Amino acid sequence: THTLQSVIDVLTAKFEAEHAKDLLIYISSPEAVSLISNSVTKDLQRHCLVDADAYVFDFYFGTEYSYESFIIALNSQFQDNPGKTNLLKALSQISKKVENSLSDTGISQEFKAKAGITTSVKLENPIELIPFRTFPEVEQPASLFVFRMLESKGTVRLILQEAGGSQWKLEAIKHIRQWFEAQKLGVPIIG
């Protein structure tokens, strides 16, 4: 399955109260939750009744994006917050400036071309952004990112690199745990 609600649906639809006592919810990562048996077999294994894996779109941090691809990914894969607003504002101010000059004496011609990418908005790094990286039912954790803009052969290339380490993963697991605790299911939650 792909939602946290599906774990609850399996728990409440399939089992009566006395059987639910032998189950627990295991949060193994920000993208994976399982409903497993609380008791172990003689081989020290647990039975898994359902696995829920979050649908998470991959934003390739540290990879160069074209301007259009970056804008689309930022708008579709990140939650609105002041960091996203400021980054979009800075990106909207990017312009390609081309300066040409021509000198013609009638005998010879000289042509000079100068091109570059400019923006007039100052953007502080790191930027706090909120990517969609866990189940949609829970609050998405914010993280710090470093934004870089490069020019390559007259085109702008944009890079977003994670700067906050893996702290967001622990925060996401905490949010998932709190979501399950608020459901008052009466089963242990590990995570």
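Predicted model: local features only at pLDDT ≥ 70, side-chain atom pairs only at ≥ 80, totals over all residues.
**Entry 1: Arg157**

I looked up arginine 157 and found a relative accessible area of 24%, so it counts as partly exposed. Across from arginine 157, which sits in strand 10, stands serine 66. Strands 4 and 10 pair in the antiparallel sense there, over two bridges. Which residue does arginine 157 form a salt bridge with? I found glutamate 64, with the closest N and O atoms 3.6 Å apart. This pair ties together distant parts of the chain, 93 residues apart: arginine 157 is in strand 10, and glutamate 64 is in the loop between strand 3 (48–53) and strand 4. Glutamate 64 is partly exposed too, at 40% relative accessible area.

**Entry 2: the other salt bridges**

I counted five salt bridges in the structure. One of them joins glutamate 162 and arginine 133, with 2.9 Å between the closest N and O atoms. Here again distant parts of the chain are linked, 29 residues apart: glutamate 162 belongs to strand 10, arginine 133 to the loop between strand 8 and strand 9.

I traced the open sheet of five strands and wrote down its order as 4-10-9-8-5, with antiparallel pairing. Strand 4 (65–66) and strand 5 are the edge strands, each pairing on one side only.

**Entry 3: helix 4**

Which residues of helix 4 (residues 82–92) are buried? My list reads Gly83, Lys84, Leu87, Ala90 and Leu91. They lie on the same side of helix 4, because they cover an arc of only 125° around the axis. The face turned away from that buried side carries the exposed Pro82 and Lys89. I then checked what the buried residues pack against, and found helix 3 (67–77) together with strands 5 (78–79), 8 (127–131), 9 (143–152) and 10 (155–162).

**Entry 4: the whole chain**

To finish, I stepped back to the chain, which has five helices and 11 strands. Of its 191 residues, 33% count as buried. Its accessible surface comes to about 11,700 Å², with 51% belonging to carbon and sulfur atoms.

Technical notes:
Residues numbered from 1 in each chain as written. Heavy atoms only, no water. Helix = DSSP H or I, 4+ residues; strand = E, 2+ residues; numbered from the N terminus. Buried < 20%, exposed > 50% of the residue type's maximum accessible area, 1.4 Å probe, protein only. Areas by Shrake-Rupley, 256 points an atom, 1.4 Å probe, with all protein chains shown as cover. Arc of directions from axis to C-beta. Contact = heavy atoms within 4.5 Å. Pairing = 2+ DSSP bridges. Salt bridge = Lys/Arg side-chain N within 4 Å of Asp/Glu carboxyl O.
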